[in-house]
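I opened this model to look up a few points on helices and loops. My entries are below the structure.

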Amino acid sequence: MFEKIMDLVKNQVMDKVSGNNDIPEEKKEQTVNTATSSLMDSLKKYATSENLSSLSSMFGGGSSTDSSRQKADSVKNGIQSDMISNLMSKVGLSQGTASSLASGIIPAVMSLFSKKIKDNNDGDFNIGSLLSGLTGDDNSKEKNNVMDMVGNLFGK
């Protein structure tokens, strides 16, 4: 599942990078790889039981209280900040270009995840499989706790 998630992210990133004239041609591949790995690393970092409602809110599920939206915005801002920092330090993009790119990539990926999660025809892709793919360890206690809470959030 992790590879499927990675491919989805990479395709979204490639779409945003390929049409961006502010990124030199010779840096586009490095930009795609850096943005993709940064986003995946950040999502893994935030895929914990403490952030479950925030991630669920970001992916279009779970509660939509002011508190959960604020937490989701905080997680999204953390992911964006990580990506901007990585694009600047590893690729050498300007802050403006890195910020513009991150602000386009992150909502596009979150929207894609939300769409895939809500698609009843894609039974392999749901919030549980997404979080499982991000946490990686099928036997970890943390992952099992997160999966139990996901099931409760979505009535499963």
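**Entry 1: the model.** I note that this is a predicted model.

**Entry 2: helix 1.** I looked up the length of helix 1, residues 2-18. At 1.5 Å a residue, its 17 residues should span 24 Å, and I find the end C-alpha atoms 24 Å apart, which agrees. Next I listed the buried residues of helix 1: I5, L8, V9, Q12, V13 and V17. Looking down the axis of helix 1, I see these buried residues fall within an arc of 165°, so they line one face of the helix. On the face turned away from the buried side I find the exposed residues E3, D15 and S18. As a reminder to myself, an α-helix has 3.6 residues a turn, so residues three or four places apart point the same way.

**Entry 3: Q12.** I picked Q12 from the buried list of helix 1. What does Q12 touch, not counting residues up to four places away in sequence? I find A108, V109 and L112.

**Entry 4: helix 2 and helix 5.** For helix 2 (residues 25-46) and helix 5 (residues 95-118), I read that the axes come within 12 Å and cross at roughly 55°. That makes helix 2 oblique to helix 5. I record the crossing of the two as right-handed. From helix 2, the contact is made by T31, A35, L39 and L43. From helix 5, I list L101, I105, I106, V109, M110 and F113. V109 of helix 5 is in this contact, and V109 is also among the residues that Q12 touches.

**Entry 5: P24.** I located P24 in the loop between helix 1 and helix 2.

**Entry 6: T48.** I found T48 in the loop between helix 2 and helix 3 (52-58). The relative accessibility of T48 is 19%, and with the cut-off for buried at under 20%, T48 counts as buried. For the pair T48 and L134, I read a separation of 86 residues in sequence and 9.7 Å in space, C-alpha to C-alpha.

Definitions and conventions. Residues numbered from 1 in each chain as written. Predicted model: local features only at pLDDT ≥ 70, side-chain atom pairs only at ≥ 80, totals over all residues. Heavy atoms only, no water. Helix = DSSP H or I, 4+ residues; strand = E, 2+ residues; numbered from the N terminus. Expected span 1.5 Å × (residues − 1). Buried < 20%, exposed > 50% of the residue type's maximum accessible area, 1.4 Å probe, protein only. Arc of directions from axis to C-beta. Axes fitted to C-alpha atoms, helices over the stretch in contact; angles between N-to-C directions. Parallel < 35°, antiparallel > 145°, perpendicular 65-115°, else oblique. Left-handed = near helix turned anticlockwise from the far one by under 90°. Contact = heavy atoms within 4.5 Å.
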